[in-house]
Amino acid sequence: HVSDFNNWWPAEMDFLRNFKLFVDLRQPHCWEVKCDRELVPQARKKLNDWKGEMLKVTGGAVPCPVCVACCSSVLHFGNYVRPEEIESKMALALSGTVPPEEITVPCPANHQLPLL
């Protein structure tokens, strides 16, 4: 039960404070307009801000989708594939020595991710 909608996240996940949005949706007949004009633009801005911060922090590294799906915290950057790994595999694909569909990129947890 949420009693304070300004603090809806669990106490142990206080970092979510930075991602709160507010749109007054008490009037059901206004939901579509409110979502189009308020909620979606706020969500886009938060996602773009987050994406920019993630690129700064990770240096362009890409989160491993297997690690993320297995509930590894994306806030711990050990599960990110380094750009150099991707670039070296791209070079291998472009060389034509190995079919691109056979090339994989390992994440630090050794999940083999397909290049394509």
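Student: To start, where does C64 lie?

Tutor: This is a predicted model. In it, C64 sits in the loop that runs between strand 1 (62-63) and helix 2 (65-69).

Student: Is C64 buried or exposed?

Tutor: C64 is buried, as its relative accessible area is 0%.

Student: Which nonpolar core includes C64?

Tutor: C64 belongs to the largest nonpolar core, which has 9 residues.

Student: How far apart are C64 and V105, in sequence and in space?

Tutor: In sequence, C64 and V105 are 41 residues apart. Their C-alpha atoms are 9.9 Å apart in space.

Student: What does L113 contact, apart from its neighbours within four places in sequence?

Tutor: L113 is in contact with C64, P65, V66, V81, I103, T104, V105 and C107.

Student: Let us step back. How many helices and strands are there in the protein chain?

Tutor: The protein chain has 3 helices and 4 strands. Read from the N terminus, the order of elements is α-β-α-β-α-β-β.

Student: What share of the residues is buried?

Tutor: Of the 116 residues in the protein chain, 16% are buried.

Student: And what share of the contacts with a separation of 6 or more comes from residues 24 or more positions apart?

Tutor: Such pairs account for 29% of those contacts in the protein chain.

Student: On to the cysteines. How many disulfides does the structure hold?

Tutor: The structure holds 0 disulfides. In general terms, a disulfide is a covalent bond between the sulfur atoms of two cysteines.

Student: Is C107 buried or exposed?

Tutor: C107 is buried, at a relative accessible area of 5%. By contrast, C30 is partly exposed, with 26% relative accessibility.

Student: Which residues form a nonpolar patch on the surface?

Tutor: M13, F15 and F19 form one, with about 240 Å² of accessible area together. F19 is placed in the segment before helix 1 (31-58), and F19 is partly exposed at a relative accessible area of 32%.

Student: What about charged pairs: how many salt bridges are there?

Tutor: The structure holds 2 salt bridges. One joins R26 and D24, where the closest N and O atoms are 2.5 Å apart. R26 is exposed, with a relative accessible area of 66%, whereas D24 is partly exposed at 24% relative accessibility.

Student: With which residue does K34 form a salt bridge?

Tutor: K34 pairs with E38, and the closest N and O atoms are 3.2 Å apart. The two residues are separated by about one helical turn, because K34 and E38 are 4 residues apart in helix 1. K34 is partly exposed at 22% relative accessibility, and E38 is partly exposed with a relative accessible area of 28%.

Student: Last item: what is L25 in contact with, leaving aside its neighbours within four places in sequence?

Tutor: L25 is in contact with W31 and with K34, the residue that forms the salt bridge with E38. L25 is placed in the segment before helix 1 and is partly exposed at 32% relative accessibility. Its C-alpha atom is separated by 8.6 Å from that of C35, which is 10 residues away along the chain.

Definitions and conventions:
Residues are numbered from 1 along each chain as its sequence is written. This is a predicted model: local features need pLDDT of at least 70, side-chain atom pairs count only at pLDDT 80 or more; totals for chains, interfaces and linings use all residues. Side-chain values use heavy atoms; hydrogens and water are left out. A disulfide is a pair of cysteine sulfur atoms within 2.5 Å. Buried means under 20% relative accessible area, exposed over 50%, partly exposed in between (1.4 Å probe, protein chains only). Contact means heavy atoms within 4.5 Å. A nonpolar core is a set of buried Ala, Val, Leu, Ile, Met, Phe, Trp, Tyr and Cys residues joined through side-chain atoms within 4.5 Å. Patches are made of residues with over 30% relative accessible area and no salt bridge: like charges are joined within 9 Å, nonpolar side chains (Val, Leu, Ile, Met, Phe, Trp, Tyr) within 5 Å. Accessible areas come from the Shrake-Rupley method with a 1.4 Å probe; for residues, only the protein chains shown count as cover. A salt bridge is a side-chain nitrogen of Lys or Arg within 4 Å of a carboxyl oxygen of Asp or Glu.
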